[in-house]
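Subject: Structure handover

Hello,

Here is the structure for you to take over. Please open it first, then read the notes below.

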Amino acid sequence: KSYAKKITEMESGNEKSVSANFGRIIVPFNYQSPIARTLHVRYVLSLADVNDPRLEKVFQEGETRVYEIKGE
């Protein structure tokens with residue numbers, strides 16, 4: 001429940017947000033949030049190319065791309 005609250009806060013940018021209901025898999029999109037850093041996010045997965053100088057593509061298998069956040 002506390003993880004769901006953090007992810008909701010990360011996605012909305014509002015710490016007063018009511019926790020979203022997540023299923024078995026949580027798919028956050030806002031990897032640039034400061035909360036991602038507090039959760040020690042190191043890798044970002046994407047189904048499309050990401051053009052962000054803070055990310056370095058380290059692997060691709062089929063359509064799935066794995067990026068590492070530089071400096072983490």
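A salt bridge here is a side-chain nitrogen of Lys or Arg within 4 Å of a carboxyl oxygen of Asp or Glu. Keep in mind that this is a predicted model, where local features need pLDDT of at least 70, side-chain atom pairs count only at pLDDT 80 or more, and totals for chains, interfaces and linings use all residues. Residues are numbered from 1 along each chain as its sequence is written, and side-chain values use heavy atoms, with hydrogens and water left out.

Salt bridges

The structure holds 5 salt bridges. A network of them links Asp49, Lys57, Glu63 and Arg65. Lys57 and Asp49 meet through their side chains at 3.8 Å, N to O. Arg65 also bridges to Asp49, with the closest N and O atoms 2.8 Å apart. Arg65 sits in strand S3 and Asp49 in the loop between S1 and S2, so this pair ties together parts 16 residues apart in sequence. Glu63 joins Arg65 as well, with 3.8 Å between the closest N and O atoms.

How exposed are these residues? Accessibility is relative accessible area: buried is under 20%, exposed over 50%, partly exposed in between (1.4 Å probe, protein chains only). Arg65 is buried, at 10%. Lys57 is partly exposed, at 38%. Asp49 is exposed, at 52%. Glu63 is exposed too, at 53%.

The sheet

Helices (H or I, at least four residues) and strands (E, at least two) are DSSP runs, numbered from the N terminus. Two strands pair if DSSP finds at least two bridges between them. The open sheet has 3 strands in the order S1-S3-S2, with antiparallel pairing. S1 and strand S2 (55–61) are the edge strands, each pairing on one side only.

S1 (residues 43–46) and S3 (residues 64–69) share 4 bridges. There, Val44 stands opposite Tyr67. S2 and S3 share 6 bridges. Leu55 has Ile69 in S3 as its bridge partner. S1 has a covered face, Val44 and Ser46, and an uncovered one, Tyr43 and Leu45.

The loop residue Ile26

Ile26 lies in the loop between helix H1 (2–12) and helix H2 (34–38). Ile26 is partly exposed, at 27% relative accessible area. What does Ile26 contact, leaving aside its neighbours within four places in sequence? Tyr3 and Ile7 are its partners, where contact means heavy atoms within 4.5 Å. Tyr3 is 23 residues from Ile26 in sequence, and their C-alpha atoms are 9.7 Å apart.

Best wishes
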